Amino acid sequence: MIKADTIVYEKSGNDACLALLDNGQLREFTVFNENGAAEGNVYLGRIEKKINLSEEKTGFMVNIGDDKEAFMNAQEKGLLEVNMTEGQCVVVQVQKEARADKGAKLVRAVQIPGTYLVYRPFGSYIDVSTKIADEEKAEELRRAVMQNVGTSQEGWVVRTAAAEADINVVVEEMNELRGVYDNIRVKARSASAPALLFAKENPLFELIRRYSDTLQTVVVNDHNLEDKVKAVFSGDVKFDSDPSETFGIQDMLQTAMEKTVKLPSGGEIHIEETSAFVAIDVDSAGMVARGQTDSLNQEAAQEIARQIVLRSLAGKIIIDFAGSTEYRFMRGVMDTLSEELAGDPQGAHVLGLSKAGNVEILRRRKQPTLLERFSAECPTCRGTGRVEP
């Protein structure tokens, strides 16, 4: 289970970073630009180019005011296919943020997240978080939302946080979220593309809610934000003008971009990011006895789960553990990976053991990896790590 006892927020100009720590160890790191195309932001975009895709499908390159043009598919589940031309405007939401080599990915089916609900104006059904263990509470929430659905078609997601909320508060949020979407529509009518119509809340507050069970301290370097945090968080809120220096975050980030991670037992983990997948190898460092490799693999599984979240690794992740690759020996390792990645907001899913004996994980890609964000490909070796003669 991913945990955090401290959140560190540091802002410099329009850029801000969020570091999650647990027992002084960096667990997650996020950088965002308040003026950038963040996931969840809604824009009035302008179609710049229509492009032909495989299987006779169509896509569009859209100007949303970001550094790179964003991509939108003409086909989208639950919506009619669009047939637009260059120069036309469209309301879109960022589904995936831009990466080093790609612009943002956009969708037309806007979703508005709240504390207890997610409003889906283009949806048609009510979904309740499976993490709400109390079945009676879950059904009560479903009924309450259903009874307050408007006459027009709309969909809702009841979030896990609603389990601890008063039903009336949840219903009140329905009207608030409808109001946010109505405001987006009003802005879209008068705005000139490209234009930002809706910016999601500061990610700090989402993290405070997500880690409420274990969070003890929030550190910020912004006095205005300090007061806002105190209004929603009952734990220790501190101001620090240079929190990265205080907590040694830069040093931990530098370590997090190295290819090799040393384990306390003496073994090592080697992480290689490629364009197709992420390859992870567990080196036994000479430990070959059955009991030794079993213990090493369990230790490695816990650290690999931490590294996946910390480095923001995504897509297909292939892991070659030490020793035998038989299922009976790997089952416990896969269980550990699943437990350590439980609650991952990017939905890491342990697929199982391949025929080649490798453990495979699939994780949604929502933002660049640390390596992509803080480094550039070497123009000499073109990322191979080898010097040309």
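1. F29, T30, V31, S312, Q367, P368, T369, L370 and R373 line the largest cavity. A cavity is a set of points, on a 1 Å grid over the protein atoms alone, where a 1.4 Å probe fits but cannot get out, and lining residues have an atom within 4 Å of a point. Two elements give two or more residues to this lining: β3 (25–33) and α9 (370–374). β3 gives the most, with three residues. Helices (H or I, at least four residues) and strands (E, at least two) are DSSP runs, numbered from the N terminus.

2. This is a predicted model; local features need pLDDT of at least 70, side-chain atom pairs count only at pLDDT 80 or more, and totals for chains, interfaces and linings use all residues. Residues are numbered from 1 along each chain as its sequence is written, and side-chain values use heavy atoms, with hydrogens and water left out.

3. The largest cavity has a volume of about 40 Å³, a volume being the space filled by probe spheres set on the points, which are joined across faces, edges and corners.

4. Six strands form an open sheet with mixed pairing, in the order β16-β17-β18-β19-β21-β20. Two strands pair if DSSP finds at least two bridges between them. β16 (260–262) and β20 (349–353) stand at the edges with a single partner strand each, so one side of each has no neighbour in the sheet.

5. β16 and β17 (residues 268–273) run antiparallel and are joined by three bridges. V261 stands opposite I269 in β17.

Note on methods
On a 1 Å grid over the protein atoms alone, a cavity is a set of points where a 1.4 Å probe fits but cannot get out, and a pocket is an open set with protein on both sides within 12 Å along at least five of seven lines; lining residues have an atom within 4 Å of a point.
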